[in-house]
Amino acid sequence: MKNKKLKFLKIFILGLFITTLSCDNAVEEEIFSQLGASNYLTSQDGIETLLFSSYAQMNETHAGQRYFSADLPFQDTWGRSGSWEERTSEPLTFFSWTSSSFFVADIWVDSYRSIRDANIVLKNISDDFPADFKNKMEGEARALRASAYQEILAYYGPGPLITETTETLINPRASESEMQKFIEDEFNAAIQLLPDSQNDWGRFDKGMAMGSLLRFYMNSKQYNKALTLSKQIMDLSKYELSSSYTSVFAADNQNNKEIIYPVVKSGTAQGQWLVCITLPRDYPRPDNQGTCAAVVYGRDYFMDLFEPDDIRGSIHMIRSYTSNTGESIVGYGKDESVMMKYPIDPNASGAFSNNNDYAHVRYADVLMHRAEAINETTGPNQEAIDLINQIRSRAGASLISLSDYSSKSALKTFIMDERRREFFFEGKLREDAIRNGVFISNAQSRGRPAQEFHKLFPIPLAELDANKEMTQNPGY
């Protein structure tokens, strides 16, 4: 952990240097820096530092506003309190976001910053470097670039496909097929270049890139490819379902074998407030754990999805508690159950210092994706049921039988609900619901003014202002 955090501090050292690369006719000044800006990217340390900057931007994309943007529109959860309620929770709950909403820009900006840094790495990683180092840097940069475009495509549809360092802001949108092909090709190229494992937790290796590509295949409904790839990931024999559901999300979850793609804790700015915004001010907690003004609650009908012995609902959903002043607080019955997905860090110091790393892709995803792909291609079979039962058995929920799900539609509905139970508050619900065709209809059934165009965010206003070739998504 110490090495990881020290390495990510290099990002800030490089900030001024990156800025100079992206400016045209910048004011000339004499630079006094240990970086030696003119030749910094000819060193392994320089290349790696810039790569870490790309990781930092990607982590912001995965662990920042993504959780709210992904989960709140589905209505299983809701948030309140202060300016956050007005600026974030209400627009996402009532589908009233606009191109100037601040969270609309977050994923776009962070993704393209990650792409920019990855492009600079790829431009400067020459044959002068040792082959092993060159292959690893190229593999990581290409995987990061593919991940960033994956987020752009999922949230906004295709954006500009920028593959080289450029100073122009004027770039047309790619077609959806062009962007899909690029993402798939980049991940496959990265898989061939990356090592089987990395010493540093959170850096791309083969399995991490494969898990990311599997998510892409599922969300683009390439189910036959998903079947092949999910089996390849399972055959790596590198990952396993943790015996403890809670341990996957704990503060000491580094190197947990269930986590395929970890979003590492780095500083205080990368979404580590997810513990903070799940604890009401009066919730009993250690003195070292702070809270936020904003609170996200689970709705009663979501609580009702869990069986009594299902630890995902009985331990990680708090229906009632005794407050820090001794008062009995009952949240269930008024849509105010506390979502304790991420355990409190015993070594935290304040509201934002929790050390929990987040699982962007985990082995449970692979099992559930494979079960879903089986159902989508051939309908229910015993393998799909067995895969789902691995998830349910770990949670303490009752096992299901093939005879109970004889139709494709019945198992499809169950899988969607099981993903709600298994992956709540992990930033996956939006793409799951869109893939399964229930994102808009579910919101409408809850009385929300959702329309088909809401499956995508609008292109951010700042991008439209800066790029005359950019076109807005329909409906905005």
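**Reading burial, backbone and helix packing**

User: Is Phe95 buried or exposed?

Analyst: Phe95 is buried, with a relative accessible area of 5%. The cut-off for buried is under 20%. Keep in mind that this is a predicted model.

User: Where does Phe95 lie?

Analyst: Phe95 sits in the loop between helix 4 (82-93) and helix 5 (102-124).

User: What phi does Gln75 have, and where does Gln75 lie?

Analyst: Gln75 has a positive phi of about 80°, and it is not a glycine either. Gln75 belongs to the loop between helix 3 (66-71) and strand 1 (77-80). Gln75 is also buried, with a relative accessible area of 0%.

User: Let me step back. How many helices and strands are in the chain?

Analyst: The chain has 17 helices and eight strands. Buried residues make up 58% of its 476 residues. For contacts with a separation of 6 or more, 70% join residues 24 or more positions apart.

User: How do I read the largest nonpolar core?

Analyst: The general idea comes first. In soluble globular proteins, nonpolar side chains tend to be buried together. In this model, the largest nonpolar core has 128 residues. Tyr156 and Phe204 have the most contacts inside it. Helix 6 (residues 131-156) gives the most to this core, with twelve residues.

User: Which residues is Phe204 in contact with, leaving aside neighbours within four places in sequence?

Analyst: Among them are Tyr55, Glu140, Ala143, Leu144, Ser147, Leu194 and Tyr261. Gln198, Ala209 and Ser212 are also in contact with Phe204.

User: How do I read the packing of helix 6 and helix 7?

Analyst: Two packed helices are described by the angle between their axes and the distance between the axes. Helix 6 and helix 7 (residues 176-193) pack at about 150°, with axes 8 Å apart. Angles over 145 degrees count as roughly antiparallel. Helix 6 and helix 7 are therefore roughly antiparallel. Their crossing is left-handed.

User: Which residues meet between helix 6 and helix 7?

Analyst: On the helix 6 side, they include Asn135, Gly139, Arg142, Ala143, Ala146, Tyr149 and Leu153. On the helix 7 side, they include Met179, Phe182, Ile183, Glu186, Phe187 and Leu193. By class, this contact has eleven nonpolar, five polar and six charged residues.

User: At what angle do helix 13 and helix 14 cross?

Analyst: Helix 13 (residues 382-395) and helix 14 (residues 408-423) cross at roughly 25°, and their axes come within 12 Å. Under 35 degrees counts as roughly parallel. Helix 13 and helix 14 are therefore roughly parallel. The crossing is left-handed.

User: Which residues of helix 13 and helix 14 meet?

Analyst: Helix 13 brings Ala384, Ile385, Ile388, Ile391, Arg392 and Arg394. Helix 14 brings Leu411, Phe414, Ile415, Glu418, Arg421 and Glu422. By class, the contact has seven nonpolar, no polar and five charged residues.

User: Now a charged residue. Is Glu372 buried or exposed?

Analyst: Glu372 is buried, with a relative accessible area of 2%. Its place is in helix 12 (residues 363-378).

User: What does Glu372 touch, not counting residues up to four places away in sequence?

Analyst: Glu372 touches Met218, Tyr223, Ile415, Arg419, Arg435 and Asn436.

How values were computed:
Residues are numbered from 1 along each chain as its sequence is written. Side-chain values use heavy atoms; hydrogens and water are left out. Axes are lines fitted to C-alpha atoms, for helices over the stretch in contact, and angles run from 0 to 180 degrees between N-to-C directions. Helices (H or I, at least four residues) and strands (E, at least two) are DSSP runs, numbered from the N terminus. Angles under 35 degrees count as roughly parallel, over 145 as roughly antiparallel, 65 to 115 as roughly perpendicular and the rest as oblique. A crossing is left-handed if the near helix is turned anticlockwise from the far one by less than a right angle, and right-handed if clockwise. Contact means heavy atoms within 4.5 Å. Ala, Val, Leu, Ile, Met, Phe, Trp, Tyr, Cys and Pro count as nonpolar, Asp, Glu, Lys and Arg as charged, and the others, Gly among them, as polar. A nonpolar core is a set of buried Ala, Val, Leu, Ile, Met, Phe, Trp, Tyr and Cys residues joined through side-chain atoms within 4.5 Å. Buried means under 20% relative accessible area, exposed over 50%, partly exposed in between (1.4 Å probe, protein chains only).
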